[in-house]
Amino acid sequence: MAVKAIIVAGGHGSRLFPLTNHTHKTLLPLFGKPLIDYALATIRQAGIRDITIIGNKFIDKIKTMILKRP
């Protein structure tokens with residue numbers, strides 16, 4: 001049986017405003033990397049390759065960032 005992962009990256013990020021006014025909270029840097037990279041790395045280390053990300057109006061920015069990565 002194949003294991004799949006879902007990352008829920010929705011929400012408005014209102015508690016992080018004004019940092020989230022122009023980008024998604026998962027794209028904010030933490031120690032030089034976007035926050036979502038840590039979740040993706042953990043999922044990939046577990047051997048899961050089928051990953052779905054549920055997002056909001058910034059989903060295109062998340063997609064662009066992920067597609068730029070090796």
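One salt bridge is counted in this predicted model, a salt bridge being a side-chain nitrogen of Lys or Arg within 4 Å of a carboxyl oxygen of Asp or Glu. The partners are Lys4 and Asp50, with their closest N and O atoms 3.9 Å apart. Lys4 lies in strand β1 and Asp50 in strand β4 (residues 50-55), so the bridge ties together parts that are 46 residues apart in sequence. Strands (E, at least two residues) and helices (H or I, at least four) are DSSP runs, numbered from the N terminus. Lys4 is exposed, at 61% relative accessibility. Asp50 is partly exposed, at 37%. The classes are buried for under 20% relative accessible area, exposed for over 50%, and partly exposed in between (1.4 Å probe, protein chains only).

Residues are numbered from 1 along each chain as its sequence is written. Local features need pLDDT of at least 70 and side-chain atom pairs count only at pLDDT 80 or more, while totals for chains, interfaces and linings use all residues; side-chain values use heavy atoms, with hydrogens and water left out.

The protein chain has two helices and four strands. From the N terminus on, their order is β-β-β-α-β-α. Along the principal axes, the C-alpha atoms fill a box of roughly 40 × 25 × 20 Å. Of the 70 residues in the protein chain, 27% are buried. The accessible surface comes to about 5400 Å², and carbon and sulfur atoms hold 62% of that area. Areas come from the Shrake-Rupley method with a 1.4 Å probe; for residues, only the protein chains shown count as cover. Contacts (heavy atoms within 4.5 Å) were also sorted by sequence separation. Among those with a separation of 6 or more, 60% join residues 24 or more positions apart.

The loop between β1 (4-9) and β2 holds Pro18. The peptide bond from Phe17 to Pro18 is cis, with omega near 10°. Phe31 is not a glycine, yet its phi is positive, at about 55°. Most residues other than glycine have a negative phi, and most peptide bonds are trans.

Thr20 also lies in the loop between β1 and β2. Thr20 is buried, at 5% relative accessibility. Beyond its neighbours within four places in sequence, Thr20 is in contact with His12, Gly13, Lys25, Leu28 and Phe58. Ser14 occupies the loop between β1 and β2 as well, but Ser14 is exposed, with a relative accessible area of 59%. Ser14 and Lys25 are 11 residues apart in sequence; their C-alpha atoms are 9.4 Å apart.

Thr26 belongs to the loop between β1 and β2 too. Its relative accessible area of 12% makes Thr26 buried. Residues up to four places away aside, Thr26 touches Ala9, Pro34, Leu35, Ile36 and Ile62. The C-alpha atoms of Thr26 and Gly13 are separated by 9.2 Å, at 13 residues along the chain. Pro34, in strand β3, is buried at 11% relative accessible area. Not counting residues up to four places away, Pro34 touches Thr26, Leu27, Leu28, Pro29, Met65 and Arg69. Pro34 and Val8 are 26 residues apart in sequence and 15 Å apart from C-alpha to C-alpha.

On the surface, Leu30, Phe31, Leu35 and Tyr38 form a nonpolar patch with about 420 Å² of accessible area together. Patches are made of residues with over 30% relative accessible area and no salt bridge; like charges are joined within 9 Å, and nonpolar side chains (Val, Leu, Ile, Met, Phe, Trp, Tyr) within 5 Å. Leu30 sits in strand β2 (residues 29-30). Leu30 is partly exposed, at 37% relative accessibility. Phe31 is exposed, with a relative accessible area of 78%.

Lys33 lies over its face, at 4.4 Å from the ring centre. A charge sits over a ring if NZ of Lys or CZ of Arg is within 6 Å of the ring centre and within 35 degrees of the ring normal.
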